[in-house]
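Please read this briefing alongside the sequence and the coordinates. The points are grouped by topic, so that each can be followed in the viewer.

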Amino acid sequence: MSKLIETFKMETNFEGLIKLLADHLYSEPDVFIRELIQNAHDAIQMRLELEPDLAGHIDVNVDKRKKTITFCDNGIGMDKKDIKEFLSVIGESGKSSLINEFKTKGQEIALKLIGQFGIGILSAFVVAKKVIVRTLKAGIDKAFAWHNEGSLECDLFEDNLNHVGAEVTIEVNKDFEFMLEDERIIKLVQKYCDFIPFVIKVNGKGPVNELDVPFYRNHWNSNQEKESKYDLFVYRRFQDDIPLDVIPVEIDEPIKARGVLYISHRNIPGIYTAGQLEIFIKRVFIKANDSTLLPEWANFVRGVIDCPHLIPTAARDNVKREHSSFDYLKDKLGEIIVQRLMYLAENQREVFSKINFYHNYSLKGMACLYDDFFEKVGGLILFKTNKGKMQLRDYLTKNEPRLEYGKKIPIYYFSQSTSTSQFYALANAKNWVVIEASQIFDISFLKKYEEANSAIVILINLDTTDDPAIFEKLDEERTGQFHQLEIDLEGHLKRIGVNNVLVRTRDFAPSDIPAIIIEEKVSEKMRKFIEQEYIWESIENITDEALGEELKHPFYLNLNASNRLIQELAKRDRKDELSRQILTGIYNCAMIYAHNFLTRHNTKVIHDQFVKLFNKLLVSQEEFKENQRKLEQARRELLEIQKKDVQLEAQRPDHILIFMITPFDDKYKNLEEALRLIFECPPYYFELRLARDYHHSTNLLSDIKIHMTQAHAFIAEISELNANVMFELGAVLLPDDHRPVFCLRSQDALKNVPADLKEKLYIDYTSLSDSFDNLAAELRSKFERDGRPIHKGLKDLLSQQKQRYLSRKLLENLGVRVDNKSIETLRSNYKTIEELLKADKLDVIQQTGLKDYLVEAMIGELKTA
Amino acid sequence: MPYLLDWGKIKLIEQFEQLRYAAGEYYQNRKLQQAAEYFEKALEQAEKIGDVNLIGHCQSSLGNCLMQLGQLKQALAALAPIVKKDTKVNDPYILYQVLIRYVEIAQQIPLSLDKIEKVYNQAEEFLKDSGYSKWRHELLVFRSRLYMFRGMHPEALQIAQEAWISKRLGADSHYGQVADYHFDGLVSTSIALQDANMASEYLTQWELEDDVMPMNRIIRFSKCQSELAYLENRLDDSIRWGRQSMHFSEQTDYEETKIASYISLIRAYLKNQQIEQACDVILRFSKMRHSERRYLRYNLLLLLGDYHSLRGQLYSKNDQIEPDKALSAYRLAKKSANYIDNKLNCSVWNKEAEKRIEYLERQ
């Protein structure tokens, strides 16, 4: 041990010490207001012990002229001994020993007295050049005045104060004259002493303090009254905030605390932002915006707490945290908040939902960070789903367990809010409930929930899903049907600059969605792999290149095989412009449906396609109009033609008339007769007319025109390419009115058929010089086979089912012989067989002069023809 | 102090051995999906045992299975932990196998030539440094394949022969199944050189070779027979062998042999103008994983083009639809071919597609 040289006392510059304490102990110069009002409060409390009916009051008076602030109370006052004990000994308030005395006696006042350090009066010297305390103690008739100018020396005078209590006057020094304002003092009184239970007036105005603080009340007439008082208090005290819910704090054992918490409507900027409280001890303000007394997860909570068991620091602007009462209070507040949240979730869903809306981020974030909070409220927190907002515990009752996952209950989710329409549509079609887990912490929270309930719950991410429960794979045959479409679409997309899309076809509901975009799954293994470090550079190179593609995140375009548009597209040839536009459109629609995939390039592609489509639409509309116009014109023309046809038809006889165009030459006689034999007899009964047979007009051309108009068909003999014949044939062919034209040409004709007629089929026969019988047989064989007409023109004529022409040839070839004269008579009276059959037999007999049996036989034969 | 048996660890090792045995059995029968599953389970056990080489063995085997299943990137992921910077695996065979797999995967995708060369050289150096040059024959097979891919057929044959001799002279009998890879390479290279006699000789030798993996051998052998018959224009034989190869390969899930069988059979059908049958096999082919491997995509597209072209010739001469489809397939094939040529620094693959496109456009 070292040798002692000297022992001496430390010297104190007492004035300097006062100045030092005053200047540095208190962070704000205005705390003297708190200290002096608190002294007044304690004095009144002590007097109340003697006179319980006393109406305590504190008056603060500001005198600008004298530059003084006076604190006047009707408390117990001080005698000479008290003055010496309380005011003249620094660090000894005398009250702390009193409090201990009260405590040991179990008196409630112990909790009511505030002062304990005996340095409150010091605070006055921060702003004062002189402090005067005038006081008269209850039960004593001598008043005193204590004067101190901030030095060791203080003077005590006798005084004439005429009321019990104390009057502390501060002569404000020059630097703090700005404080001599009523409004400033009122604000300071409210800041520090708002909850003091005695009337405080400032220059006679008041009370300026909050006398009706709900959490100090012990009795309520009804819950409603309590709630409304608490609400009112919070609304008044926190005017810049809107409480979503107000939570009274009433803790009695083992420590006492009173106060009120509320859930703020304010957005909480981060999960590491704590909830904030105003701390009071024994009704005196200690600290605003304390972020340590609430549990870390309760960052959405604000409020006021008064706990007499908290230990203030000497400056009384904070509390000591290393204290069991602090920890206990913190846990207890957490418990109160959780219980309230649980109560709201059960009984006031609307309020709970609102809290979730405002503090979704905080609630989930806090649950992820703090296991205790997660355990208690995890199942209650709301998630957005396709069936509205839902708590997880309710959610678990909505989906069917999945057999393939060991009958676990699935929690389906997707991570991008921009894909909501797409996934909601898929989920609705399957009657699933799906969670939109797009907000921060949603997925972490769900993963934590799955982990905590791994025996019953399985988390299924739909972002990358190819779950056959949604996307059913096609069988081999149907795969083949869509395979080419997949290739074409992929190729088409590449051509328009979309390189990272893989197309596949699945069956999925709803069938009105043609395609859906799904991300490609990058497995966890792959993610880890990407972050590996390798021992060989060569392997690192390989890895980088191999996974270069992987990092681009390709995605799948799932075509819907149940969708009609896709089915139609798969069937059609997709080379035309419209198909290409539709292919782009399908991709664009899917992109818009899941628009989180929209990149700058995609939006350009979609934009360009829209512009193209609009242009095309306009052009199409113009084309449509033009086509409509043409159609209308064509329709009119058709009507015109039809009208003409009807008119012409009206001019045509009731039987089929074939107009034969042939040169006027005897060498055609055999041909004419042969044709008459064919067409004027069964099965046709047509009239074969030559221009010379009948004259409608004296003008040759008009005559021919009328013949042509009346004819149902034409036969033209073109062997010699006779000018008249060709002229008439041209006139017949040009209108192209579907009347059959049979061109005949002899094989011995020398002249070639003109090029324009080559396309028309013509019927050849051996020679004009051939015998009538041969010609008839040969021509018949050209028109008929086995007695049935083979020529389409003939079939068309027969299908018109006209009346049968009563020709000379027919009558001459009847089994009944009828003389020429009678034939002429019959033909002049009856154009067709049907007319003759309808006629009165007697008339026929009379007209022809034929015997009645002959007429009978002729009609009989014609009937059976 | 008496020696204490760690019964817990012995139990774990027993379980591990059972799992590894099961995985090996599946692997032998080319049921690779199941083999991979069992290797994964064995890997979990090995991790519990804490033996780095057992872990490495399982990871390597798993990577091999995944690669053979055509899941190249997953295979890389499985192999990655073995070659991490802080790896403790010290079994040279495992490390060598990983290097070989990297070479193989890089070739199959394919990646850039310089990168393939680099990892190949790394493997060569590894063999030199470790003294295990008896394993070099396996590496040479891949070198030969690389030459084939680059259109350097004579060089490919030379290396394939060197590999085979090297295997014969020095390889452990344990790795005997590798003979099939050698013969497959030798026959395919001979066929690429259009040397039917040489191919035929190797096939005879192969037939006499005793092997432990008959299934794999039948598939590869039949495929090579089909290719030889095709070369010699014996189309019926080519189809018969091709069908046999396909039939057996579909009993396994080894992608590479399955696809090789499909390709040879489709070619034979198309040459024999059996459109419907060709279509059936093309569909089977198109269902395989070809997104990761350009060669497969190229082959599929080329065959698809051939198919449509033939359909056009046979059924719709006046119609432009089929030739157009063929043209579009050839163009896509050419794109893949350009990619491969570009990566391998050669000009081999695009020629076939180009030739066909020119022909169709002339028509």
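The model is a predicted one, and every value below is computed from it. Chain B touches chain A through 33 of its residues, which are in contact with 27 residues of chain A.

**Interface of chain A and chain B**

- The area buried between chain B and chain A is about 3000 Å², and carbon and sulfur atoms give 65% of this area.
- Across this interface the rule finds 1 salt bridge, and the side chains that meet in a salt bridge are those of Glu476(A) and Lys287(B), with an N to O distance of 3.3 Å.

**Helix packing in chain A**

- Helix 9 (residues 349–369) of chain A packs against helix 13 (residues 442–452) of chain A at an angle of about 40°, and their axes are 9 Å apart.
- Helix 9 of chain A contributes Asn360(A), Lys364(A), Ala367(A), Cys368(A) and Leu369(A) to the contact, while helix 13 of chain A contributes Asp442(A), Ser444(A), Phe445(A) and Lys448(A).
- By class, this contact of helix 9 with helix 13 of chain A has 4 nonpolar, 2 polar and 3 charged residues.

**Helix packing in chain B: helices 13 and 14**

- The axes of helix 13 (residues 255–271) and helix 14 (residues 275–286) of chain B come within 9 Å and cross at roughly 160°.
- That angle makes helix 13 of chain B roughly antiparallel to helix 14 of chain B, and the crossing in which helix 13 of chain B passes helix 14 of chain B is left-handed.
- On the side of helix 13 of chain B, the residues that meet helix 14 of chain B include Ile259(B), Tyr262(B), Ile263(B) and Leu265(B), and among their counterparts in helix 14 of chain B are Val281(B), Ile282(B), Arg284(B) and Phe285(B).
- The residues of this contact between helix 13 and helix 14 of chain B divide into 11 nonpolar, 1 polar and 1 charged.

**Helix packing in chain B: helices 16 and 17**

- Helix 16 (residues 321–344) and helix 17 (residues 349–362) of chain B pack at an angle of about 155°, with their axes 8 Å apart.
- Helix 16 and helix 17 of chain B are therefore roughly antiparallel to each other, and helix 16 of chain B passes helix 17 of chain B in a left-handed crossing.
- Among the residues of helix 16 of chain B in this contact are Leu327(B), Tyr330(B), Arg331(B) and Asp341(B), and those of helix 17 of chain B include Trp349(B), Arg356(B), Ile357(B) and Leu360(B).
- By class, the contact of helix 16 with helix 17 of chain B has 11 nonpolar, 2 polar and 6 charged residues.

**Backbone features in loops**

- A cis peptide bond with omega of about 5° joins Pro682(A) and Pro683(A), and Pro683(A) has its place in the loop between helix 20 (669–679) and strand 22 (687–690) of chain A.
- The peptide bond from Ile109(B) to Pro110(B) is likewise cis, with omega near -15°, and Pro110(B) is placed in the loop between helix 5 (92–108) and helix 6 (113–130) of chain B.
- Gln194(B), although not a glycine, has a positive phi of about 60°, and Gln194(B) is found in the loop between helix 9 (179–192) and helix 10 (196–208) of chain B.

Key. Residues numbered from 1 in each chain as written. Chains lettered and ligands numbered in written order. Predicted model: local features only at pLDDT ≥ 70, side-chain atom pairs only at ≥ 80, totals over all residues. Heavy atoms only, no water. Axes fitted to C-alpha atoms, helices over the stretch in contact; angles between N-to-C directions. Helix = DSSP H or I, 4+ residues; strand = E, 2+ residues; numbered from the N terminus. Contact = heavy atoms within 4.5 Å. Nonpolar A, V, L, I, M, F, W, Y, C, P; charged D, E, K, R; others polar. Buried area = accessible area lost by both parts, 1.4 Å probe. Salt bridge = Lys/Arg side-chain N within 4 Å of Asp/Glu carboxyl O. Parallel < 35°, antiparallel > 145°, perpendicular 65-115°, else oblique. Left-handed = near helix turned anticlockwise from the far one by under 90°.
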